[in-house]
Amino acid sequence: YVSFSDLMSLLLIFFVYLFSMSSIDPVKYQQAANSLKGEFSTQLPEPSIAERTQKRDADAMLLSMLTQQIKAQQLQNNAKIVVDDYKVNVVLFTPVLFQSGDATLSDAGEKILKGFSEIMAKTKNPIVVEGHTDDRPMKKGVFNSNWDLSFYRAYSVMQYMMRVSGLSPKRLSGTGYGEFRPLYPNTTESNRAKNRRIEIALMKKY
């Protein structure tokens, strides 16, 4: 048997309890947040001098091998290497890989890619392949847009690299940017030729 007054007292206690649960002490909250931050921090320790030296030596060796590949295939006017903190990027201008408006690698293009693929297969780093075009509209044909063409060219490069050098598909990803990421303004034929390119980026993941 519960009287009406007892019932009201119990309800009052219950609502006070709910209110106290919803009120957070800012000091205690910050202490808890700091604790979690310490537990789940993803900050990595600074590499040692020996580790940094080893990475620089590996970068220098890779860069030397890729540069030699460009010279060996006489691609000085059709390829370049761009290095930054995140990747080593091989840029191949598409006339040496594809016929105009086509996404099937030419025989010469396969020969060129074979050399670069074999070098990259010796590493364990992720590889990102990008296709790029100029801004000229596509003529009626297989592809509806430059975007389509750039994507399928990147895909052709990825497929060939896996086939010729045994690269794992787990290491490869690709995309097409069409005309939307030009290196130079599409105002001259020379600039347009430089914007039609494939970029193969070996990401710096140690």
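Why does Tyr 155 count as partly exposed? Its relative accessibility is 40%, and partly exposed lies between buried (under 20% relative accessible area) and exposed (over 50%), with a 1.4 Å probe and protein chains only. This is a predicted model, in which local features need pLDDT of at least 70, side-chain atom pairs count only at pLDDT 80 or more, and totals for chains, interfaces and linings use all residues. Residues are numbered from 1 along each chain as its sequence is written, and side-chain values use heavy atoms, leaving out hydrogens and water.

**Sheet**
- An open, mixed sheet holds five strands in the order β1-β2-β5-β3-β4; strands are DSSP runs of E with at least two residues, and helices are runs of H or I with at least four.
- At the edges are β1 (79-83) and β4 (172-176), each pairing on one side only; pairing takes at least two DSSP bridges between two strands.
- From one strand to the next, the twist averages 15 degrees.
- Strands β3 (residues 127-132) and β5 (residues 197-203) run antiparallel and are joined by six bridges.
- Val 128 is opposite Ala 201 in β5.

**Helices on the sheet**
- Helix α5 packs on the sheet and touches β3, β4 and β5, contact being heavy atoms within 4.5 Å.
- The direction of α5 makes about 160 degrees with that of β4; axes are lines fitted to C-alpha atoms, for helices over the stretch in contact, with angles from 0 to 180 degrees between N-to-C directions.
- Helix α3 (residues 49-72) lies across β1, β2 (87-93) and β5, at about 165 degrees to β1.

**Tyr 155**
- Tyr 155 belongs to helix α5 (residues 146-165).
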